[in-house]
Amino acid sequence: MTLEGQGLVCSYGPTRALDGVDIVAGDGEIVAVVGPNGAGKTTLLRALSGERRPDQGEVSLDGSPVSGADPGWRGRVGLVSHRTGLYRKLSVAENLNFFASLHAVPNPRNAVAQALETIGAATLAGTRVEALSRGQCQRVALARTLLHDPDILFLDEPFTGLDPAAAAALETALRARRTAGSVIVLVTHDLRRCLDLADRVVVLQRGHKVHDGETDSADPVDLLRYFTTTAADPS
Ligand code: ATP
């Protein structure tokens, strides 16, 4: 399985958030996307996942174009973004049961319990979302994303707010999914974790890809430089 974004351009009014980005992610691979604030990372995940149609360029899976409007594609994709999409007045279990029904998850009761267990959130099942702490809410958002067992995962700063135990549980879950052959694209500001967890690292600056390489051969000092210089201002 190969996910590919080719020549992706996305603008918000006069701002070119992505300016012709190519990216490839294969199965059994975690690709980390890093870069300074405003570099276009979230926009890239939105375009790849189908949440936002690129103004130019194409997203394809094994050579066939994909679209966020395609239910088959949506059923395979899990997206964790800044917006949790959870209903504040409903309990955690009510939320997850609702999303399980949207995705026609077989055996939803088990799937909900399993997703909560994976991220250490089983005790939160009866809690209303509005009463969750930030980290608890992030755990539930992750459980929601894993619920329908997607094999293509887009994770926008998924470790934000997680305590060390939940972060470790998420790392374990991601490594297991990589082993099972999922495609995983991860946006993070944590370079240490990126180098430890990901197979490849892509660096964006001002909507351009300025680095794409294996993490094994990545030099942390070189990566850090991308945060203090810009594409138009190389050192
Ligand atoms: P961060 O690390 O701060 O989360 P990012 O790399 O994820 O940043 P994006 O959120 O993709 O960056 O934003 C890329 C550019 O697009 C920025 O200049 C941002 O101001 C702009 N942008 C993003 N969303 C919108 C929007 N809804 N309306 C207008 N401009 C936007």
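Trainee: In E2, which residue is the bridge partner of Val9?
Mentor: This is a predicted model. Strand E1 covers residues 2-12, and E2 covers 15-26. E1 and E2 pair in the antiparallel sense over 9 bridges. For Val9, the bridge partner in E2 is Asp19.

Trainee: Which residue in E2 does Cys10 stand opposite?
Mentor: The pairing of E1 with E2 is antiparallel. Val9 has Asp19 as its bridge partner in E2. The residue in E2 opposite Cys10 is Leu18.

Trainee: Which residue in the turn between E1 and E2 has a positive phi?
Mentor: E1 and E2 form a hairpin, with 2 residues between them. In that turn a positive phi of about 55° belongs to Gly13.

Trainee: Which are the edge strands of the open sheet formed by 4 strands?
Mentor: The order of this sheet is E2-E1-E4-E5, and its pairing is antiparallel. An edge strand here pairs on one side only. That applies to strand E2 (15-26) and strand E5 (64-65).

Trainee: What angle does the direction of helix H1 make with that of E1?
Mentor: Helix H1 spans residues 41-49 and packs on the sheet. H1 touches E1, E2 and strand E4 (56-61). With the direction of E1, the direction of H1 makes about 125°.

Trainee: Which element supplies the largest share of the shell around the ligand?
Mentor: E2 and H1 each supply at least two residues of this shell. The shell divides into 4 nonpolar, 7 polar and 2 charged residues. Among the residues that come nearest to the ligand are Lys41, Thr42 and Thr43. The largest share, 3 residues, comes from H1.

Trainee: What percentage of the area the ligand exposes when taken alone does the protein bury?
Mentor: Taken alone, the ligand exposes 640 Å². There are 13 residues around the ligand. The part of the exposed area that the protein buries is 60%.

Trainee: Why is one side of E6 and of E10 left without a neighbour in the sheet?
Mentor: These strands belong to an open sheet of 6 strands in the order E6-E7-E8-E3-E9-E10, with mixed pairing. Strand E6 (77-80) and strand E10 (208-214) stand at the edges, so each has a single partner strand.

Trainee: Which helix packs on the sheet, touching E6 and E7?
Mentor: E6 and strand E7 (residues 152-156) pair in the parallel sense over 4 bridges. One of the pairs joins Val77 to its bridge partner in E7, Ile152. The helix in contact with E6 and E7 covers residues 134-146, and its direction makes about 170° with that of E6. This is helix H5.

Conventions
Residues numbered from 1 in each chain as written. Predicted model: local features only at pLDDT ≥ 70, side-chain atom pairs only at ≥ 80, totals over all residues. Heavy atoms only, no water. Pairing = 2+ DSSP bridges. Contact = heavy atoms within 4.5 Å. Axes fitted to C-alpha atoms, helices over the stretch in contact; angles between N-to-C directions. Near = heavy atom within 4 Å. Areas by Shrake-Rupley, 256 points an atom, 1.4 Å probe, with all protein chains shown as cover. Nonpolar A, V, L, I, M, F, W, Y, C, P; charged D, E, K, R; others polar.
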